[in-house]
Amino acid sequence: MSTKLKELRARSRESLQQVADAVGVSKAHIWELERGTSKNPGLDLLKKLAEHFKVSIAFLSDDEKEENPAAQQFFREFGGELSTRDWDTLRTVAASLKGKAG
């Protein structure tokens, strides 16, 4: 998790303090998570970090196998901003594309 958290923060060009403020913990705690000296954040903090960086909890917690980077990028950019109707449209398009590929 430490590497992913550090990478996400770097990509978002946020300081430790900005991330800490966004998720409601101390700057030192975020720094410890990035260094790997605090390896077990609570579920609430994990949820807040995932929501802040627009990634899944599984991605942050290393429970998820490496996914397609393009899919992760898509989720980061649009995951939190799409309506249910938008997701339904995307599922319809994806199903159509799968039908053409197979």
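Residues are classed here as buried under 20% relative accessible area, exposed over 50% and partly exposed in between, with a 1.4 Å probe and protein chains only. The structure is a predicted model, in which local features need pLDDT of at least 70 and side-chain atom pairs count only at pLDDT 80 or more, while totals for chains, interfaces and linings use all residues. Residues are numbered from 1 along each chain as its sequence is written, and side-chain values use heavy atoms, with hydrogens and water left out.

Salt bridges were assigned where a side-chain nitrogen of Lys or Arg lies within 4 Å of a carboxyl oxygen of Asp or Glu. Helices are DSSP runs (H or I, at least four residues) numbered from the N terminus, and strands are runs of E of at least two residues. One of the salt bridges joins R91 to D88, with 3.2 Å between the closest N and O atoms. R91 and D88 are separated by about one helical turn because they stand three residues apart in helix 7 (residues 84–101). D88 is partly exposed because its relative accessible area is 40%, whereas R91, with 52%, is exposed.

A further salt bridge is formed by the side chains of R11 and E7, at 2.6 Å from N to O. Both residues belong to helix 1 and are four residues apart, about one turn of the helix. R11 has a relative accessible area of 48% and is therefore partly exposed; E7, with 40%, is also partly exposed.

The side chains of R9 and E34 form a salt bridge as well, at 2.5 Å from N to O. This pair links distant parts of the chain, since R9 is in helix 1 and E34 is in helix 3 (residues 27–35), 25 residues apart. R9 has a relative accessible area of 17%, so it counts as buried. E34 is likewise buried, at 8%. Contacts were counted between heavy atoms within 4.5 Å. Not counting residues up to four places away in sequence, R9 touches E14, S15, L16, V19, E34 and F53.

Two further residues of helix 1 were examined. L8 lies in this helix and is buried, because its relative accessibility is 4%. With neighbours within four places in sequence left aside, the contacts of L8 are F53, V55, F59, L60 and R76. L8 and V55 are 47 residues apart along the chain, and their C-alpha atoms are separated by 9.3 Å. K4 is found in helix 1 (residues 2–12). A relative accessible area of 14% places K4 among buried residues. The side chain of K4 reaches the backbone oxygen of F59 at 2.8 Å. A polar contact is a pair of N or O atoms within 3.5 Å; within protein, one atom must be able to donate a hydrogen and the other to accept it, and residues adjacent in sequence count only if both atoms are side-chain atoms.

In helix 2 (residues 16–23), V23 was considered. V23 is buried because its relative accessible area is 2%. Its contacts, with residues up to four places away in sequence not counted, are I30, L45, K48, L49 and H52. V23 and A50 are 27 residues apart in sequence, and the distance between their C-alpha atoms is 9.7 Å.

R13 lies in the loop between helix 1 and helix 2 and, with a relative accessible area of 75%, is exposed. K54 counts as partly exposed because its relative accessibility is 29%.

On the surface, F74, F78 and L90 form a nonpolar patch with about 230 Å² of accessible area together. Patches are made of residues with over 30% relative accessible area and no salt bridge, like charges being joined within 9 Å and nonpolar side chains (Val, Leu, Ile, Met, Phe, Trp, Tyr) within 5 Å. Accessible areas come from the Shrake-Rupley method with a 1.4 Å probe, and for residues only the protein chains shown count as cover. F74 is found in helix 6 (residues 69–78) and is partly exposed, because its relative accessibility is 32%.
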